[in-house]
Amino acid sequence: AFNVHGGLLPRYRGCNPIQWSLINDEKNAGVTMHVMTEDFDAGDIVAQRSVPMFWNDTWREIDARLTVATEDLLREKMPSVLNGSYVVRQQDLASMKYYRHRRPEDGEINWNQSVWSIYNLIRALVHPHPGAFFYEGTNTVILDRKVGIHEVIALKFGSAMQPLPSEKSVGVSLIPNVLVPPGATNPEDAVTFSIS
């Protein structure tokens, strides 16, 4: 028997490979056809296809890209699978990682993480997944839609965070400028502040 797994093996064995790939800030996702064994996602690889993950993708755009890649893979490899002429390669166990199923509570935003890491978490969990979330007083704020990097910057350095100690001690406020300057290569590098 054969399985088509929605992740690049052996690095993304287990559950939710697209979500984990986004959270881990990978540049590519993929699909793998492999021989089934008693262990999940552990069999020899018949074929793989890789697709790019762009910085403004959510998991849904990546999933659509993987659907096309899967159809291409099946179209190309099924004849050899059916007639028994397929060739396999073993998985590199040194590169193997297994990821568990993500739970709704895993979507809580940790504001101590970088803007980019928070942005990756949000885009990995948009609807119909439960969404990333944070607490604002007694309210739970759920982010289950596509957001821009500027929104994450505003949340991290705005009302979602307690004032920085330096603000209290010297009586100044740091105001994040949410516009990314032209020519910025890394959105994380584009965070600038005004002082009032």
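Which residues are buried in α2? In this predicted model, they are Trp 59, Ile 62, Leu 66, Ala 69, Thr 70, Leu 73, Ser 80 and Val 81. The points below cover that helix, a surface patch and some backbone details.

**Helix α2**
- Helix α2 runs over residues 59–83, which is 25 residues.
- From its first C-alpha to its last, α2 reaches 35 Å, close to the 36 Å expected at 1.5 Å a residue.
- At Lys 77 the helix bends by about 45°, and a proline, Pro 79, follows within four residues.
- The buried residues of α2 pack against β1 (2–5), α1 (17–23), β3 (28–35), β4 (45–52) and α3 (115–124).
- Just after α2 comes Gly 84, with a positive phi of about 80°.

**Surface patch**
- Phe 40, Leu 93, Met 96 and Tyr 98 make a nonpolar surface patch of about 490 Å².
- Tyr 98 belongs to strand β5 (residues 98–99).
- Tyr 98 counts as partly exposed because its relative accessibility is 49%.

**Cis peptide bonds**
- Leu 9 and Pro 10 are joined by a cis peptide bond, with omega near 5°; Pro 10 lies in the loop between β1 and β2 (13–14).
- The bond from His 127 to Pro 128 is cis, with omega near 10°; Pro 128 is in the loop between α3 and β6 (132–136).

- Asp 25, in the loop between α1 and β3, has a positive phi near 60°.
- Asp 25 has 30% relative accessibility, so it counts as partly exposed.
- Asp 41, in the loop between β3 and β4, has a positive phi of about 60°.
- Asp 41 is buried because its relative accessible area is 9%, and buried means under 20%.

Note on methods
Residues numbered from 1 in each chain as written. Predicted model: local features only at pLDDT ≥ 70, side-chain atom pairs only at ≥ 80, totals over all residues. Heavy atoms only, no water. Helix = DSSP H or I, 4+ residues; strand = E, 2+ residues; numbered from the N terminus. Expected span 1.5 Å × (residues − 1). Bend = angle between axes of the 7 residues up to and from the residue. Buried < 20%, exposed > 50% of the residue type's maximum accessible area, 1.4 Å probe, protein only. Contact = heavy atoms within 4.5 Å. Patch = residues over 30% accessible without salt bridge, like charges linked within 9 Å, V, L, I, M, F, W, Y side chains within 5 Å. Areas by Shrake-Rupley, 256 points an atom, 1.4 Å probe, with all protein chains shown as cover. Salt bridge = Lys/Arg side-chain N within 4 Å of Asp/Glu carboxyl O.
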